[in-house]
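Please walk me through this structure.

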Amino acid sequence: MPRPGLPKLIATDLDGTLVRSDETVSAYTHEVLDRVRAAGIPIVGATGRGPRLTELTRNDIRAADYLVMAGGGRVVDQVDPTSPVVLRDERLSGAVLTELLVALENAVGPLTVMVEALDGHEEPLWGDFDPSWPYPERFEARSRAECLSVDVIKAFARTADHDVDVLLDAARRVIPVTHATVTQAGLGFIEILPPGVDKASGLSVVADALGVDPAEVLVFGDMPNDLPMFEWAGWGRVAVSNAHPTVRRAADEVALRNDDDGVAVYLDRLLSR
C-alpha cells in the first residue's frame, strides 16, 4: 500500500489514464494537478506519445514540470516553459530494426509496420496503411525500405492473425532486450523502442535531476507500457479501473476509471487527508 504522507514526485500516463475517452482532460483534473504542483510536488507526464505530439501533451497536462515521452525515449525538462531542455533523446537504428522485423515475421507471419522518425509538430508516421490505426490524418504511406533507411524513435507493428498481447509475447521471445524494448500501449499494435527505453528509465532521468529516490515516487497507469514504472516506483502504484488486467494486478490500488477522473479524485483525496 502507498506510504503515509505525500510522495516527492508524481508521474501519470495520459491516454486511458488521465485523458478521457473523448480525448479531453477535465477542468477538475487540471485544477487538482495545479494544487499538487502548488504543494511543491513535481508532476511528470509519462506517455507513449512521441515528440511530434509535444504541444498536445503539454495541453493535456499543463501542470507538468517534466515530460517523459515516446515511452521513455524523450525526456523534457519544462520547468522553464520558455526554454525547455531535452534531457534524453534515444533512437533505434533502422538497420537493427530491419533485422528484428525479419526475425519477428519469420515467427508470426507478415506484419503491418509503421515508424515514428520525425519529431516536428504533428509530423506523420510512415509505413503500411492499416485501417485500424486511429489517427489516419497523421500517416504517410512509404515503403519499408524507405522507413528503415533512418534511425527511428519507435516502430509500431501488428498482424490481423494475432491478438496484440499474443503478438507481444511472441515478440518478446524473438527480440532480445539488448536489441530493443517491446511493449504495447492499447492501440492494437506492439511498439518497438530502443534498447533500455521504457517509462521507468525515462523517469529515472527526471528523478536523478531532482534528487528523488524511486521509493518516493507515485505513479498512475493503465497499459503494459506502464508496468516498468510500476516496478520502479516505490511510494505507490495506482491503476485506473479501466486498466489492462496486468496493470491492475501490479497496482497497489485501483482508482476510478479515466472517464470518471480517477487520477484527479485520487490526488484530491491524497491532498486532503
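The paragraphs below cover aromatic rings, a helix pair and a few loop residues.

This is a predicted model. Keep that in mind along the way.

Start with the aromatic rings. A pair of aromatic rings is described by the distance of the centres and the angle of the planes. Across the whole structure, a search finds 5 aromatic pairs. Take Trp133 and Tyr135. Their ring centres are 5.9 Å apart and their planes stand at 80 degrees. Planes over 60 degrees apart count as edge-to-face, so the pair of Trp133 and Tyr135 is edge-to-face. Trp133 has 7% relative accessibility, and under 20% means buried, so Trp133 counts as buried. Tyr135 has a relative accessible area of 27% and is partly exposed.

Trp133 has another partner. Trp133 and Phe189 also form an edge-to-face pair, with 5.2 Å from centre to centre and 90 degrees between the planes. This pair links distant parts of the chain, for its members are 56 residues apart. Trp133 lies in the loop between β7 (125-127) and β8 (139-141). Phe189 lies in the loop between β10 (181-184) and β11 (190-193). Both Trp133 and Phe189 are buried. Now widen the view. Ring pairs join Trp133, Tyr135, Phe156 and Phe189 into a cluster.

Charges meet rings here too. Elsewhere, the charged end of Arg142 sits over the ring of Trp126. The distance to the centre of that ring is 3.9 Å.

Next come two helices. Two packed helices are described by the angle between their axes and the distance between the axes. Helix α1 covers residues 27-38, and helix α9 covers residues 262-272. They pack at an angle of about 35 degrees, and their axes are 9 Å apart. The crossing of α1 and α9 is left-handed. Which residues of α1 and α9 meet? From α1 come Tyr28, Thr29, Val32, Leu33, Arg35 and Val36. From α9 come Ala264, Val265, Leu267, Asp268, Leu271 and Ser272. By class, this contact of α1 with α9 has 8 nonpolar, 2 polar and 2 charged residues.

Now turn to the loops. Asp119 is found in the loop between β6 (112-116) and β7. Is Asp119 buried or partly exposed? Its relative accessible area is 35%, so Asp119 is partly exposed. Leaving out residues up to four places away in sequence, Asp119 touches Pro51, Arg52, Arg74, Arg91 and Ile153. Asp119 can also be placed against Leu53. The two are 66 residues apart in sequence, while their C-alpha atoms are 8.1 Å apart in space.

The loop between β6 and β7 also holds Glu122. With 38% relative accessibility, Glu122 counts as partly exposed.

Glu23 is another residue other than glycine with a positive phi, near 70 degrees. Its place is in the loop between β1 (9-12) and α1. Relative accessibility is 56% for Glu23, and exposed means over 50%, so Glu23 counts as exposed.

Notes: Residues numbered from 1 in each chain as written. Predicted model: local features only at pLDDT ≥ 70, side-chain atom pairs only at ≥ 80, totals over all residues. Heavy atoms only, no water. Phe/Tyr/Trp six-rings, centres within 6.5 Å; stacked < 30°, edge-to-face > 60°. Buried < 20%, exposed > 50% of the residue type's maximum accessible area, 1.4 Å probe, protein only. Helix = DSSP H or I, 4+ residues; strand = E, 2+ residues; numbered from the N terminus. Lys NZ or Arg CZ within 6 Å of the ring centre and 35° of its normal. Axes fitted to C-alpha atoms, helices over the stretch in contact; angles between N-to-C directions. Left-handed = near helix turned anticlockwise from the far one by under 90°. Contact = heavy atoms within 4.5 Å. Nonpolar A, V, L, I, M, F, W, Y, C, P; charged D, E, K, R; others polar.
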